[in-house]
Amino acid sequence: MPADPQEKVLILDFGSQYAQLIARRVRELKVFCKIVPHNIPPEAVVKESPRGIVLSGGPASVWAPGAPKPNPGIFKLPYPSLGICYGMQLMGQMLGGAVSKAAHREFGKAELTVVEADSLFDRLPDKLTCWMSHGDYVTQLPPGFRVIARTANTSIAAMGDLATKRFGLQFHPEVVHTPRGTEILKNFLYKVCGCEGRWTPGSFIDSACGQIRETVKGDQVILGLSGGVDSSVAALLLFKAIGPQLIPIFVDTGLLRKGEREQVVKTFRDSFRMGLTVVNARDRFLKRLKGVTDPEEKRRRIGRLFVSCFEEEARKHPKARFLAQGTLYPDVIESRSALGGPSATIKTHHNVGGLPKRMNLKLVEPLRFLFKDEVRRIGKSLGLPEEILMRHPFPGPGLAVRILGEVTLERVKLLQEADQRFIEELKAGGWYRKVWQAFAVLLPLKTVGVMGDERTYEHVIALRAVVSLDGMTADWARLPAELVERTANRVVNEVRGINRVVYDVTSKPPGTIEWE
């Protein structure tokens, strides 16, 4: 939901690990952008009315059989375009130039010499540091193009056709290893595409509210309010747009963090005066999960029962025609192939997968194109309390995917108590806001321990804390040893049934943030 349909850039995704990073850089420059499949039809591009097009990098060679390529008609459209790495090679090859395989792949930092300072390199020094990662390179310019930058190993490190406003960069301006890369992208957005940077939290709220009203008209909207950042911001946005037409429903699955139900009721029913409906479905969820250990099966069962709760509630509201969800951009990206085709699913996201076809409600997802940090900025503008606004991400299936093995009431309570103590220690030590996400995991095993003079044989808790920008990649947090020790001591001494605590030091990739 961009602030202005004319202030938009499309990013054609060729499978680059940096496609989402390009999007983040563009958004940080206050220009709305969307990642779209590389083979998007030209007519679909025209319908989007973008100010410009970015062709991302990618792992393929332009010479490889089946290499992803855009529809040739894309280059006949009047929009300015910027090809990055593989995207530049595609432009070179498809517009009449020549691309060859390099004798040696170039990877790492390089010194860039700017030949022409107009457009992309306006007000930048003649010598820049850039980050290279390529095996092919453009050896002959397409008609109308000229060299605008080079390196010692790459004679055409940047090219441009000023008449058609098409440009190519062999290096990656979106990564931190290209220190002035953001300025290069800004020049493309502002000087080449004519963007003005009007995409702000305020403009998004105004635009989103207008589109919500236009979509739902006089119908009612049911919202699954979990108390997390995403659904809470979605609730406030919808409430601002349609007021009492919003029917927020909080389903107590019994799989929530300790005290979560009480906090949700206090915030939304008491403070914001929403007509919040609370459904106590703990027993139903635990019964549905009895004997289930497979994580994907847990997610499917929870997702289906979750939607069933909404269907039951919807029947009490005959004007309800829509189901709102707090789906975010990373949820959408991870749940489908980057190239728009079949691929392995990393995991089924609760908001985008497992919805049964019998669901009689249309979906409204006002946050679908936002990253988490953008959602928080929107929430702050809407007045969401800090304690919810800065709360760590929480999976839709709740603690069920943090309890490895079967989910039982006893195991849920153990995890709630351990998790609460971990979060308390993070806050007390000033680390809660420094990490992207932190939580406890209950492992499906017991270990021998000694407490006092007695032998114990009890459960094991794993602590997980990661740092990340958007959840797409993450590194394990280097928490102070003293903090981990305090947490472990509290968990073992205060939570009866746990006698061992371990700390997870796996990054994403190769692991995921959640254990299931």
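User: How many residues does the largest nonpolar core have, and which of them have the most contacts inside it?
Analyst: The largest nonpolar core has 49 residues, and those with the most contacts inside it are I222, L426, I461 and L479. A nonpolar core here is a set of buried Ala, Val, Leu, Ile, Met, Phe, Trp, Tyr and Cys residues joined through side-chain atoms within 4.5 Å. Buried means under 20% relative accessible area, exposed means over 50%, and partly exposed lies in between (1.4 Å probe, protein chains only). Keep in mind that this is a predicted model: local features need pLDDT of at least 70, side-chain atom pairs count only at pLDDT 80 or more, and totals for chains, interfaces and linings use all residues. Residues are numbered from 1 along each chain as its sequence is written, and side-chain values use heavy atoms, with hydrogens and water left out.
User: What about a second core, how many residues are in that?
Analyst: The second, separate core has 40 residues, including A241, L256, M274 and I378.
User: New topic: at what angle do α5 and α6 pack?
Analyst: Helix α5 (residues 201–216) and helix α6 (residues 229–242) pack at about 65°, with their axes 9 Å apart. Axes are lines fitted to C-alpha atoms, for helices over the stretch in contact, and angles run from 0 to 180 degrees between N-to-C directions. The two helices, α5 and α6, are therefore roughly perpendicular to each other. For reference, under 35 degrees counts as roughly parallel, over 145 as roughly antiparallel, 65 to 115 as roughly perpendicular and the rest as oblique.
User: Which residues meet there?
Analyst: From α5 there are F204, I205, A208, C209, I212, R213 and V216, and they meet L237, L238, K240, A241 and I242 of α6. By class, this contact of α5 with α6 has 10 nonpolar, no polar and two charged residues. In that scheme, Ala, Val, Leu, Ile, Met, Phe, Trp, Tyr, Cys and Pro count as nonpolar, Asp, Glu, Lys and Arg as charged, and the others, Gly among them, as polar.
User: Let's jump to α1. How many of its residues are buried?
Analyst: Nine of the 10 residues of helix α1 (residues 19–28) are buried, so α1 is largely enclosed by the rest of the structure. Among the buried ones are L21, I22 and V26.
User: And where is K30?
Analyst: K30 is in the loop between α1 and β2 (32–37). K30 has a positive phi of about 65° although it is not a glycine. At a relative accessible area of 44%, K30 is partly exposed.
User: Is R273 buried or exposed?
Analyst: R273 counts as exposed, at 66% relative accessibility. Its phi is near 60°, a positive value in a residue other than glycine.

Conventions: Helices (H or I, at least four residues) and strands (E, at least two) are DSSP runs, numbered from the N terminus. Contact means heavy atoms within 4.5 Å.
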